[in-house]
Amino acid sequence: MKRSILIASAFLVLAITTSKAQKVFAVTPEIASPGSTVKVTYNPSRTILKNEKKINAEVYQFRNYKWNKEEIKLVKQDSLWTADYLLPVDAAFVAFKFKNGKKTDIGNGYGWMLMDKSGKNMPGAYAAWAFLRNGSVPEFFPDYTTNKQMIGDDVFVYWMQQQVMHQPSTRRELAYPWLKVLNKLDAEKAKAQAQKDIFYLKNLQDPKAEDLVNLKKIYAEVLHNQSAADSVAKVISTTDSVAIKKLNPEKLAAYKAMSTERDYKKVLGLNINFINRYPAAKADRAFDKQNWIDYSRIYSNIIIIAAIEKDTTLFKQYVAEAPFKSISTIFYKCVDVPYVSQKSLNAEQVYAYARPIVNRFFQFNDEKPEGYMDTYFTTMPIYADILMHLGKNEVALNLASSCQQKYQYEKATLNELQATLLEKLGKTDELQKVLENSMRKNQMGVNMLEMMRKNYIARNKSDEGYESYLASLKDIKLDAALEAKVKKSMIKKTVPDFKVKSNQNGKMISLADLKGKVVVFDFWASWCAPCKAAFPGMNLAVQKYKNDPDVVFYFVDTQEKMADYETYVTKYLKENNYNFNVLFDADAKFSKSYGVGPIPHKMVLDKNGVLRFSEVGYMGSPSELADEISMMVELAKKEK
């Protein structure tokens with residue numbers, strides 16, 4: 001609350017200053033973007049220039065974080081002096097000084113922040129308002145006024161904070177001047193902030209010479225670390241130097257050699273040698289961009305191969321310096337795939353890889369580069385699941401709950417994770433809220449449905465009225481939309497007969513055997529993670545119709561690659577308590593005859609053996625899938 005009042009007060013000061021100067025100085029329109037023309041009006045009647053017969057203006061333009069100045073002629077109209085002025089296309093801020101000879105009028109600062117077409121201040125506008133009136137950083141102080149303390153250092157720091165808060169990307173240009181003045185006010189606070197800004201500058205995706213210069217100044221003037229400043233100076237002296245440019249042909253050849261090598265162990269060595277020989281900090285950026293030399297890809301290669309080789313020392317070494325652009329890829333390859341898709345690593349095993357990646361990710365928190373929040377919402381639900389399985393429930397819950405600001409209960413796996421954690425922690429009221437919100441979005445896992453019943457009985461002392469309670473939570477519009485989608489997808493297509501072995505004592509099943517029944521086929525394979533992810537929802541549908549003699553489900557195991565697939569399937573179903581009827585179609589003759597390509601693929605045939613529904617993929621919600629299959633079955637039942 002206090003912060004809001006301070007911000008409001010600061011803008012009020014600027015507004016009052018403008019209001020007082022309104023009769024003296026005005027710009028029309030008040031909201032304009034760079035590249036547009038405005039009308040400048042000056043009324044000197046209450047200023048030092050009130051009786052002058054000639055008045056001109058100097059315009060101070062803050063462009064690309066540097067000040068420019070130009071003179072414009074004013075034309076007298078009655079008691080006013082006016083000019084039409086074209087705002088520079090790259091300006092963020094302009095300030096006017098009115099003059100006649102040595103006489104000048106700047107009021108309390110005739111400054112004006114420019115806005116982009118969306119109505120937001122241009123990058124650098126807040127900072128310019130501070131630089132214009134405070135000379136604590138000489139290279140940013142124009143000759144607009146001789147008073148270097150027109151505003152105090154504390155106000156200067158305030159405007160810098162506003163600038164970076166509203167436009168974080170401007171931090172790279174403003175880190176040094178902000179820290180220089182903050183250091184005068186509070187040296188300890190400046191040193192703490194300097195460490196964050198140094199990390200930020202070192203990890204920019206497209207470092208420039210100016211960034212290194214700012215880094216050197218921060219080391220020297222804020223941290224008083226001359227040896228570090230000298231080290232940066234050496235980098236500056238060699239970055240984009242003639243010596244580096246001479247290495248470009250050799251560098252490009254080395255990069256191409258990496259892309260043609262197929263032995264991943266050799267690829268690892270080539271990538272490490274490349275970074276050692278041509279470090280990212282000493283690079284000809286223009287050449288890299290022109291030739292698609294991507295350091296984030298090189299780091300990803302090293303880190304992923306280190307994970308494959310289970311070399312955690314090498315893994316941690318390169319993750320600790322990985323560019324942000326590589327974080328999403330290495331998390332997916334080193335954590336998501338082995339933990340979620342392949343299930344080849346358990347929580348304890350994968351944590352050795354997940355933790356360093358997440359630590360590196362959070363080091364970019366202050367900078368928040370483009371794509372930061374997207375990466376957060378993609379990775380944190382998985383990391384939270386890992387933490388839950390390691391007993392770190394409170395931290396896991398905080399991460400899972402924070403992700404709902406994006407998903408809003410529309411991601412069943414996240415809902416189930418959050419619900420499970422709340423149940424573990426005994427947070428009954430919060431659990432009920434999550435369960436009910438998830439039910440309204442029809443994004444429920446099987447375990448959540450069990451929790452829902454358990455909580456209902458605990459509250460009501462019996463299960464009486466439970467089905468009505470569930471029905472009351474359903475979103476009628478969502479159900480109607482799903483039903484409309486299912487009806488629209490209904491087809492009528494003749495399909496050929498088949499004869500395929502089942503897992504029920506090797507019995508052969510044919511289409512002729514199924515006449516008179518609604519048949520649901522689920523085409524899947526042992527290697528297909530989305531296929532198996534859909535099984536909980538399919539099992540809900542199987543259980544719903546288990547006592548209906550007119551409906552049968554067959555899970556068609558197709559496109560198999562392993563030799564002992566039948567043994568695998570039997571074991572997998574037993575381990576997961578799935579009592580499924582399986583048809584073995586390893587060579588895919590049956591599935592191909594039915595037009596199946598990508599899997600998972602669901603099909604529903606009516607009682608006459610006519611194909612009525614054919615849907616590819618899985619959207620991620622067991623409850624929604626069960627409802628969708630049920631709607632298909634009921635519609636197929638009605639066909640004669």
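Helices (H or I, at least four residues) and strands (E, at least two) are DSSP runs, numbered from the N terminus. The model shown is predicted: local features need pLDDT of at least 70, side-chain atom pairs count only at pLDDT 80 or more, and totals for chains, interfaces and linings use all residues. Residues are numbered from 1 along each chain as its sequence is written, and side-chain values use heavy atoms, with hydrogens and water left out.

**View A. An open sheet of 8 strands.** The strand order is β9-β16-β15-β12-β13-β14-β10-β11, with mixed pairing (two strands pair if DSSP finds at least two bridges between them). At the edges are β9 (493-494) and β11 (508-510), each pairing on one side only.

**View B. The pairing of β15 with β16.** Strands β15 (residues 601-605) and β16 (residues 610-616) are antiparallel and share 5 bridges. Phe-613 in β16 is the bridge partner of Val-604.

**View C. Helix α25 on the sheet strands.** Helix α25 (residues 565-575) lies across β10 (499-502), β12 (518-524), β13 (551-558) and β14 (582-585). Its angle to β14 is about 155 degrees (axes are lines fitted to C-alpha atoms, for helices over the stretch in contact, and angles run from 0 to 180 degrees between N-to-C directions; contact means heavy atoms within 4.5 Å).
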